[in-house]
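Good morning, and thank you for making the time.

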Amino acid sequence: MDNTPPICPVHEAPADVHRILATCHQLSRQIAHLRRVIQGCWILFALLLPGNLWLAYRVFFTRVTGSFALFMAVLNFALSLMNAIRLVRHTISNRIEARRHRDSCMVIAKLLGKPVVHVLGPADPEGALPLPSYPRLWSLLQYLLPKTIRVRLFTPAHEDLKADYYTAYRQFRSKRARRWLRFCFALRTIILILGCLWTWGLDKLLKWLTTLLPAPLRQWWTIR
Amino acid sequence: MPVPTLTHLQFLVLQILGGSQRPGRYLRAELAKNAQRKSLPAFYQMMARLEDANFVEGSYRRIDIDDQPVQERCYKITAPGLKAYHSTRDFYFQSSLNTAKGGVIHG
């Protein structure tokens, strides 16, 4: 279990604080997105270049993109800090979703050196953060299987895996731990699919082999 | 007395089920306690066979884990299942009695 302080809903902030925070948060997310796009474009561009030119462009552009990324990081941090200061200065009187202001809550906790739960009061069970839903891609993998196996084997096993996933996800809150969990469960889903195929294949093989057996032995086997 | 139609594993599953509806996860955990570890697909294959033989009845039950819905597969013993369980239990009981008496032939 990691020691990251738990995030709880921010209680009762005035409507204007809510609006300001939402705008700041949206802006910081847009900047972060833009930064990712620029970095992605740069990598793509560098990869597309022929070998000799690549080094020259890399040397030239690294400084530009590096400086830009640093500027964006500083701006992003400043925005988060601004959110935090605004949040601390205002009387909190309306409920805000903590998920939307996760960064601000974390900054407050770091500034005051206290867990978020102490800063904002105890979490309301009704307002607890919902878990992210099970990744759709893993659920879509089931369509690799024939319908019979999917219904008989995969679906109930997959639901058990999902329950396990949510239980584990609830315990660990840091980004690294959650990334690791996602990787583990993706792997387990793939193993589950392979296991389903193996079980189904073995079953088919045994059924075929029983047709080769003499009748009394076949009857004895098939009831098992 | 006829030879039982249930394998030892199926007998154990029906015994764990008892008279109540139990989720697949619970059954699997109980089987593991009895040193019968099975992978998820193998376990549900076994349960599907029991369902095909009409010994158990399976249904999905919705549970929420922190507001995330999960459809849990639950199983309940049926009347034929109960009958098969009793006949298997009687068979083993009778066999153990005969063994205690020194066997059927020499008893």
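**A helix crossing between two chains**

The axes of H7(A) and H3(B) cross at roughly 45° and come within 8 Å; axes are lines fitted to C-alpha atoms, for helices over the stretch in contact, and angles run from 0 to 180 degrees between N-to-C directions. H7(A) is therefore oblique to H3(B), since angles under 35 degrees count as roughly parallel, over 145 as roughly antiparallel, 65 to 115 as roughly perpendicular and the rest as oblique. On the side of H7(A), the contact is made by Leu192(A), Gly195(A), Cys196(A), Thr199(A) and Asp203(A), and on that of H3(B) by Leu40(B), Pro41(B), Ala42(B) and Gln45(B). Contact requires C-beta atoms, placed from the backbone, within 7 Å.

This is a predicted model: local features need pLDDT of at least 70, side-chain atom pairs count only at pLDDT 80 or more, and totals for chains, interfaces and linings use all residues. Residues are numbered from 1 along each chain as its sequence is written, while chains are lettered from A and ligands numbered from 1 in the order in which they are written.

Helices are DSSP runs (H or I, at least four residues), numbered from the N terminus. Which residues of H7(A) are buried? They are Phe185(A), Thr189(A), Leu192(A), Ile193(A), Cys196(A) and Thr199(A), where buried denotes 20 or more other C-beta atoms within 10 Å of the residue's own. Their cover includes H5 (136-140) and H6 (147-171) of chain A, together with H3 (40-52) of chain B.

Conventions. Buried ≥ 20, exposed ≤ 12 C-beta atoms within 10 Å, placed from the backbone. Contact = placed C-beta atoms within 7 Å.
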